[in-house]
Every structure is written in C-alpha cells, then in structure tokens.
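Take the points in order and look for each one as you go.

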2 protein chains.
Amino acid sequence: MRAYGGAFAGARALVTGGLGFTGSNLAIALVEAGAEVTIVDAMIPGYAGNLFNIEPIRERVRVNFSDVRDVNAMNHLVRGQDYVFHLAGQVDHVLSLTDPFPDIAINIKGTAVVMEALRHHNPSAKVIYTGTRGQYGPAVSLPVAEDAPTRPKGIYEISNLTAEKIIQVYWETHRIEAVLLRLTNCYGPRAQMKHPRYGVVNWFVRLAVDDETIQVFGDGKILRDFLYIDDAVEAILMCALQPRAVGEIFNVGVDKPTNFIELADALVDVAGSGSWQFAPFSPERKAQEPGDFYSDISKIGRQVGWAPRTSLRDGLRRTVEYYRAHKAAYWSNDEQG
Amino acid sequence: MRAYGGAFAGARALVTGGLGFTGSNLAIALVEAGAEVTIVDAMIPGYAGNLFNIEPIRERVRVNFSDVRDVNAMNHLVRGQDYVFHLAGQVDHVLSLTDPFPDIAINIKGTAVVMEALRHHNPSAKVIYTGTRGQYGPAVSLPVAEDAPTRPKGIYEISNLTAEKIIQVYWETHRIEAVLLRLTNCYGPRAQMKHPRYGVVNWFVRLAVDDETIQVFGDGKILRDFLYIDDAVEAILMCALQPRAVGEIFNVGVDKPTNFIELADALVDVAGSGSWQFAPFSPERKAQEPGDFYSDISKIGRQVGWAPRTSLRDGLRRTVEYYRAHKAAYWSNDEQG
C-alpha cells in the first residue's frame with residue numbers, strides 16, 4: 001500500500017501529458033487512489049504519448065486529445081479540477097539544440113496557457129509541475145540542493161526552468177497554489193522506447209532486452225541518481241497532498257549516486273541478456289553533458305516525508321519484465337497506441 | 001570624446017528595437033562612432049518606438065520596420081552584420097502580469113529567432129543583449145553582483161532571464177559570441193513618455209516638466225541605482241568592443257544608490273517646476289516591488305573598464321532640457337513618430 005492510499009477519493013485531477021511516461025504512471029496511481037482523472041495529451045509524433053500506457057485504467061479515465069497550447073481547450077478542461085498535474089512537454093534535449101521553438105511553444109507558452117486558464121477559470125486548483133534536474137546545469141557542489149545556481153546548458157532545460165518560474169509568479173501574484181518539482185533521470189515502464197534521444201536508462205533496457213550492446217559514453221564514471229518511476233509518482237502525489245509543499249521547489253531523486261558502468265553491469269546481470277562497451281561522446285552530447293550530478297533530497301524528506309524505496313536492481317528488474325511482456329506496444333515505430 | 005571613439009568605423013551593426021529608448025540612443029552613438037547601422041523596429045502601439053528619436057541620424061541609418069518574431073526578415077537582416085545589438089522587447093512589467101503572452105512571444109521566442117538566424121546565416125557576428133536588473137528579483141544582499149540568485153517576480157523579468165540563458169546556450173554550444181548585460185533603471189532622452197507603466201524616472205520627469213505632482217510610492221526610502229542613458233550606451237559599446245567580455249554577464253548600474261525622495265527632490269529642484277507627495281502602492285505594483293536594489297558594478301569596471309560618469313543631477317538636467325525642447329514628439333498619444 002502506497003503512502004497516499006485512498007487520499008484522492010472523490011478528487012478531480014487533470015494530467016497534462018497523461019499518455020506519456022510519467023503522466024500515465026501518475027494517472028494509474030491517481031485512479032487507484034480514488035481520483036476522477038482526465039488525461040490531456042497532444043499525441044505529437046515522436047513524443048512519449050502511447051494509449052497502451054493506460055491499458056490498466058482505460059475504462060476509468062477520460063482521455064482528451066488536445067494540446068497545452070490550445071487556449072480554448074485548456075480554459076475548458078481546467079474547470080472543476082482539484083489538481084492539475086502539469087507534465088506535458090517537449091522533452092528531447094538533443095532536439096532542442098537544433099530547433100528551440102517546440103520547447104518555447106510547448107514548455108513555456110503552454111505552461112502560461114495552463115496558468116492563465118487556471119487564473120481565469122479555476123484559481124482554487126492546485127498545480128504540480130514536474131521540471132528536471134537539468135535546470136541546475138553543471139553541479140557546483142554535490143549533492144545538488146534546491147538553492148544551487150540554475151545555469152542550464154540547453155534550451156530544453158531552460159524551458160523547464162522558465163516554466164517553473166512562470167508558475168511561481170502565478171503563486172506569488174495570483175495565489176494559485178503550486179508545487180514545483182525537479183525530477184532526476186527516471187526509468188521504468190510506460191516510457192518512450194522507440195528512439196534513444198531521451199531516457200537513457202530506458203534505452204539501455206531496450207538494448208539489454210534485445211540482447212544488443214549498450215554504449216557507455218566517456219569513461220562511464222559520470223555519477224547520476226536514477227529514480228524508478230513508481231517512486232517518482234509517489235513523490236508527486238505526496239507533494240500534491242502536503243499543504244506545506246505549496247510554493248516550494250523540491251528535488252525528486254536518489255541520495256545514492258550510481259555511475260554508468262554500475263548501471264550497465266546491474267542491467268545486463270538482471271536482464272540476463274545484452275552487453276556493454278565504452279563509446280565516445282558525440283560533440284552535441286558532450287556540449288550538454290553537465291558532469292556528475294545527484295540530488296540532495298533532504299528537503300522533500302523533511303517537509304513531505306518522501307524518500308525513494310526501490311533499489312536500482314529491483315527497479316531494473318521490473319522495467320525489464322514490463323517491456324519483455326509488452327514489447328509490441330513499445331518497440332515498433334508504427335505503433336500509434 | 002567617448003571612450004569608444006571611432007572604434008566602430010566601417011563596422012556593420014544591427015540594432016533591434018532601434019527606435020526605442022536605449023536602441024535609438026545606441027544607434028546615434030554607433031553612427032557617431034562610424035558604424036553603418038540598420039535599425040529594426042516593430043513599431044508596436046504603446047511601445048517605445050518613435051521615429052523622432054533618430055532625427056539626428058535620420059539620413060545616416062537604414063530603418064527596417066519588422067518584428068523579431070519574423071523569421072524570414074531576421075534571417076535576411078542578420079547577414080553581413082558585425083554586431084547585433086538585441087534590444088527589442090516587450091518592456092511593460094505591469095502588463096506582463098495580466099497578459100504573459102507578448103513577453104513569451106517577443107522576448108523569448110523573438111530572441112530564439114534572432115539567435116537561430118545568426119546560427120544559420122551569420123555565426124561570426126557578435127551579439128550584445130540588454131536584460132534587466134529585474135532578473136535577480138529581490139536582493140539577497142546589497143549591492144547585487146552577477147552571481148546572485150535569479151528569482152524574478154514577474155513574467156517580464158522571467159522573459160529577460162530566459163532570453164539571456166538562450167543566448168548563453170548559443171554561445172556555449174554554437175560559439176556565437178555574446179555579451180549579456182543586466183541594466184538597472186535607466187532614464188534620459190528618447191524614452192516612451194506617454195504612459196507611466198514603465199520608466200519611472202522618465203515619468204517623474206514628465207510630471208515635473210508639466211508642473212504636476214509626482215507620486216512617491218510607500219515611504220519613498222526604497223533604494224535604486226538610476227543610470228543616465230548615455231552611460232548605459234557607453235557600457236553597451238565598450239562591452240561590444242572588449243574581447244574579454246564575450247560569454248560574460250555584466251551588471252550595468254550605478255554604485256551609489258538613491259532613494260525615491262532624493263530622486264524627486266533633485267528633479268523638482270533641477271526642473272524648477274513640479275512637486276511630489278507620498279502615495280500608496282497599488283496591489284499589483286506592491287506584489288512586484290522587490291525592495292531595495294542597487295548593482296555591484298565592480299565586474300564591468302574590472303573587466304571592461306566602464307563606470308558611470310553622469311551625476312544624477314546632471315542626468316536629470318539634460319533629460320528635462322531634452323523633453324522641454326521636444327515635448328510635442330513625446331507627450332501626445334496621437335504621435336506616431
């Protein structure tokens with residue numbers, strides 16, 4: 001039994017990006033916790049939206065295909081909601097270096113559309129926003145706490161930081177309650193598995209499941225905190241429920257870092273297939289690579305009572321099992337959900 | 001003789017927002033320093049664009065009416081330029097609280113349009129960007145240096161911070177040279193004088209010239225550094241010329257703060273007309289008011305050799321003289337330049 005139990009019984013929740021990786025896992029947890037959930041997803045080709053993700057709750061959620069840039073749709077959809085989990089976004093940080101406009105339109109303007117919709121049509125709803133640890137840029141010291149400098153190295157990360165700051169303004173000026181999360185690298189079931197442009201752990205999982213060779217960039221010793229998606233979902237829900245979390249920024253990560261060699265070793269061992277080898281960084285990846293990073297999660301522990309509960313090996317095992325069982329829904333480029 | 005002398009002889013410079021307050025003063029200085037200047041201005045109603053601003057150089061500049069959001073126009077205009085002074089923007093920070101979209105479209109997306117234009121069509125140009133001290137938000141300690149936290153309190157200020165970070169990415173990833181300035185409150189000739197929504201010192205000047213009563217909000221003791229526009233222009237040009245400034249962020253301000261009572265007293269004295277009285281903050285102004293602020297300008301002094309040279313009284317005197325001489329071009333709401 002999860003810590004949030006039936007705490008959402010009768011609550012109405014809107015999940016933008018709800019057919020994506022984090023969004024679909026969150027929607028499932030919300031339905032299980034008693035919420036009446038409406039999913040918004042734009043189903044943009046190449047993004048993570050996949051109808052198969054919500055198979056377990058298909059008959060128990062409302063799915064609305066629309067875009068967070070659509071002012072009229074958002075104005076309508078936010079009405080009557082108790083919670084708005086704002087997860088929709090362009091999340092391909094490599095793409096953002098060659099084309100900055102989707103990030104600006106979807107992640108920045110789309111966030112303003114959602115917040116304006118709330119201001120005008122439902123100012124008493126609570127917003128939970130999931131940004132990224134990339135908002136910090138290179139770590140000045142480790143682990144990285146919420147008051148560290150924010151010097152992101154890519155347009156994607158900048159767009160997340162800007163969205164966070166926009167939401168903060170709506171809280172401080174218009175009193176729309178909001179909790180601002182900065183998620184580390186997450187992995188697990190229901191991710192986008194068709195291309196390697198984001199979600200490095202999940203891509204490693206695909207290669208292991210296919211018994212292929214994983215490329216570990218550089219010397220493989222860069223440190224990260226890899227978070228299993230169920231733990232991330234639990235953090236999101238606990239923050240939504242905690243009144244003291246309003247107006248606050250929280251890291252959501254793992255306090256024990258792992259390097260990419262340890263990750264690849266554990267994965268190949270757990271999967272019983274695949275292998276790994278070293279490979280050089282591409283120039284674009286190198287330019288964006290911020291070096292060692294892991295999150296200081298003492299603030300969310302202290303103020304919300306959350307901590308990750310899934311070991312890396314357990315998380316990887318569940319992830320491998322899920323994709324082995326549902327490969328057809330995730331591997332094919334033709335899959336439209 | 002200004003420090004930049006004839007250093008721009010033969011250089012080609014594009015000034016976005018070049019019919020506005022800072023832009024027109026900069027364009028005049030560039031022409032006087034020998035540059036071949038192209039001005040871009042969108043002439044958006046209610047913004048600062050005013051053709052009268054460039055009367056002294058009317059026959060010596062090219063004026064191109066277009067918008068920084070116009071991809072094709074920007075792709076064409078950046079070609080062949082040695083410098084791009086990117087000053088165009090929505091600058092009304094009160095408006096940004098009721099409508100965030102112009103700031104996102106003009107200040108954020110427009111900056112990306114300019115940077116993409118440079119990346120594809122003229123990557124060897126140097127960009128100089130003028131942001132705002134508002135990017136810091138409330139001062140954590142005084143004076144405020146460039147490494148202070150950036151927690152802006154409004155959408156306008158967020159949009160400037162985002163533009164700065166976008167330009168930094170183009171420098172770090174695509175090697176497009178850029179200098180990033182954060183300007184304090186500027187005042188002087190060629191500003192928008194028709195409404196009081198931004199440019200507080202200039203609005204005070206209008207009231208004094210009209211022998212009206214200036215409203216000093218709160219207790220009048222909030223500290224600011226008010227910078228005369230000629231000094232700001234000199235900072236911009238010196239940063240453009242200084243190779244060591246590339247990739248750097250610099251405050252452009254005054255190291256001696258002034259409060260609003262001192263400002264109003266000096267102005268009324270210098271103008272020989274007008275008066276002032278205390279007035280309460282409006283709720284929206286109060287929500288955005290970051291308290292005492294003045295800039296630490298030691299970095300630009302050390303690395304670029306710039307310091308402000310105009311005393312507050314001298315700057316106010318020149319400003320009053322300018323608007324008394326050219327009132328018709330600035331006061332009327334019908335004036336289209």
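1. Start with overall size. A compact globule of 337 residues would have a radius of gyration near 20 Å, and chain A has 19 Å, so the two agree. (That radius is taken over C-alpha atoms, and the globule rule is 2.2 Å times the number of residues to the power 0.38.) Along its principal axes, the C-alpha trace of chain A spans about 55 × 45 × 40 Å.

2. A word on what you're looking at. This is a predicted model, where local features need pLDDT of at least 70 and side-chain atom pairs count only at pLDDT 80 or more, while totals for chains, interfaces and linings use all residues. Residues are numbered from 1 along each chain as its sequence is written, with chains lettered from A and ligands numbered from 1 in the order in which they are written.

3. Chain A contains 12 helices and 13 strands. Both are DSSP runs numbered from the N terminus: H or I with at least four residues for helices, E with at least two for strands.

4. Now the symmetry. Rotating by 180° with 0.0 Å of shift along the axis superposes chain A on chain B, at an RMSD of 0.0 Å. The two copies are thus related as by a two-fold rotation axis.

5. How many residues does the contact take from each chain? It takes 20 from chain A and 20 from chain B, where contact means C-beta atoms, placed from the backbone, within 7 Å. On the chain A side, helix 4 (101–121) and helix 5 (155–174) are the elements giving two or more residues, and helix 5 gives the most, with eight. Since 100% of the interface residues of chain A are also interface residues in chain B, the copies meet through the same surface.

6. Finally, look where helix 4 of chain A packs against helix 4 of chain B: the angle is about 165° and the axes are 11 Å apart. (Axes are lines fitted to C-alpha atoms, for helices over the stretch in contact, and angles run from 0 to 180 degrees between N-to-C directions.) The two helices are therefore roughly antiparallel, the word for angles over 145 degrees. Among the residues making this contact are A:F101 and A:I104 from chain A, and B:F101 and B:I104 from chain B.

How values were computed: Contact = placed C-beta atoms within 7 Å. Least-squares fit on C-alpha atoms with pLDDT ≥ 70 in both. Parallel < 35°, antiparallel > 145°, perpendicular 65-115°, else oblique.
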